[in-house]
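Open the model and keep the sequence beside it.

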2 protein chains.
Amino acid sequence: MDDMDWALLRELQADARLSYSELSRRVHLSPPAVAERVRRLETTGVLTGYHAHVDLAKAGRHVVAMIRMSCYGPHCVLRDPKVLDWPEVLEIHRVTGDACSILKVATRSMEEFESVIDRLAPYGQPSSSMVLSTPLRWRTVLP
Amino acid sequence: MDDMDWALLRELQADARLSYSELSRRVHLSPPAVAERVRRLETTGVLTGYHAHVDLAKAGRHVVAMIRMSCYGPHCVLRDPKVLDWPEVLEIHRVTGDACSILKVATRSMEEFESVIDRLAPYGQPSSSMVLSTPLRWRTVLP
DNA sequence: GATGAAACGAACACGTT
DNA sequence: AACGTGTTCGTTTCATC
């Protein structure tokens, strides 16, 4: 993880579709050298994937919320792998504090959101914060 | 936004670096037609960007937290554009409820995290939930 | 890590429905 | 208006130094 690796990470975080040739011009390295470094960042797990980001509202997910789950001991959502497959659940973080986890959820409607809450309730007490807007959607990680 | 657009969104969310040729094979459409559709999804704002995702711990950000800010009226973090530029702040969501916003923060150390809390305190009361692990980092948005 | 050759993909104009 | 075909040019990849 030298300066060159960080330069590649910076560029690929900003635009994951940059070609190796374009990357080579930006970091001043030959295309094969760039390809080898990127492959190494992938295999070592520093780069976990390349993802197109979608505008949730424009994709029909008009209701977005952060849900803090305070679970009933052994019934915790974190212990049920089925929750990982619910299409409305976009992220799950295990956290410290009163809640055991924070879920990011996006649904097409309030009715659909209500059904998610109904499915979550058996695991514990959900506390929902509806997302009004997202002033900062994403930031590049720098050294 | 027909089935073909959704097929392209699905593939690009899973792997943003797929070539137009590879996409054309997967959705059974010619490469120029794929390129035109993807360009349209970009210009209409459905696709907001292509980003390489980085493992925070492997990138040296060992401390990750979700911080709920309960701000003092006019001093709200959402009203100060400077906060958008803090490199430790990866996401900001404006939400309903007791808190006015939720921030995702990642720092190299607890000392650095403490300094973020010190910088946030003037805006309101920060309530931090440290992220222990992330069982679901990201999910593809489907129709 | 750089270079050069060969295979592959992207981009444009054009023709088709 | 949306898609397919062609050629041209740029990109990826592998062998080699």
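Start with helix 4 of chain B, residues 110–120, whose buried residues are B:Glu112, B:Phe113, B:Val116 and B:Leu120. Buried means under 20% relative accessible area, exposed over 50%, and partly exposed in between, with a 1.4 Å probe and protein chains only. Helices (H or I, at least four residues) and strands (E, at least two) are DSSP runs, numbered from the N terminus. Seen down the axis, the buried residues of helix 4 of chain B fall within an arc of 100°, so they line one face of the helix. The arc is that of the directions from the helix axis to the C-beta atoms. An α-helix has 3.6 residues a turn, so residues three or four places apart point the same way. The face turned away from the buried side of helix 4 of chain B carries the exposed residues B:Glu111, B:Glu114 and B:Asp118. The cover over its buried residues includes strand 2 (63–71), strand 4 (101–107) and strand 5 (124–136) of chain B; contact here means heavy atoms within 4.5 Å.

This is a predicted model: local features need pLDDT of at least 70, side-chain atom pairs count only at pLDDT 80 or more, and totals for chains, interfaces and linings use all residues. Residues are numbered from 1 along each chain as its sequence is written, chains are lettered from A and ligands numbered from 1 in the order in which they are written, and side-chain values use heavy atoms, leaving out hydrogens and water.

Now go to strand 4 of chain A, residues 101–107. Seven of its seven residues are buried, so the strand is largely enclosed by the rest of the structure. A:Ser101, A:Leu103, A:Val105 and A:Thr107 point one way, while A:Ile102, A:Lys104 and A:Ala106 point the other way. Strand 2 (residues 63–71) of chain A runs antiparallel to strand 4 of chain A, joined by seven bridges. Two strands pair if DSSP finds at least two bridges between them. Strand 3 (residues 89–95) of chain A also pairs with strand 4 of chain A in the antiparallel sense, over five bridges. A:Leu103 is the bridge partner of A:Ile67 and of A:Ile92. Strands 3 and 4 of chain A form a hairpin with five residues between them, and A:Gly97 in the turn has a positive phi of about 110°.

Helix 2 of chain A, residues 20–27, has the buried residues A:Leu23, A:Ser24 and A:Val27. They cover an arc of only 100° around the axis, which puts them on the same side of helix 2 of chain A.
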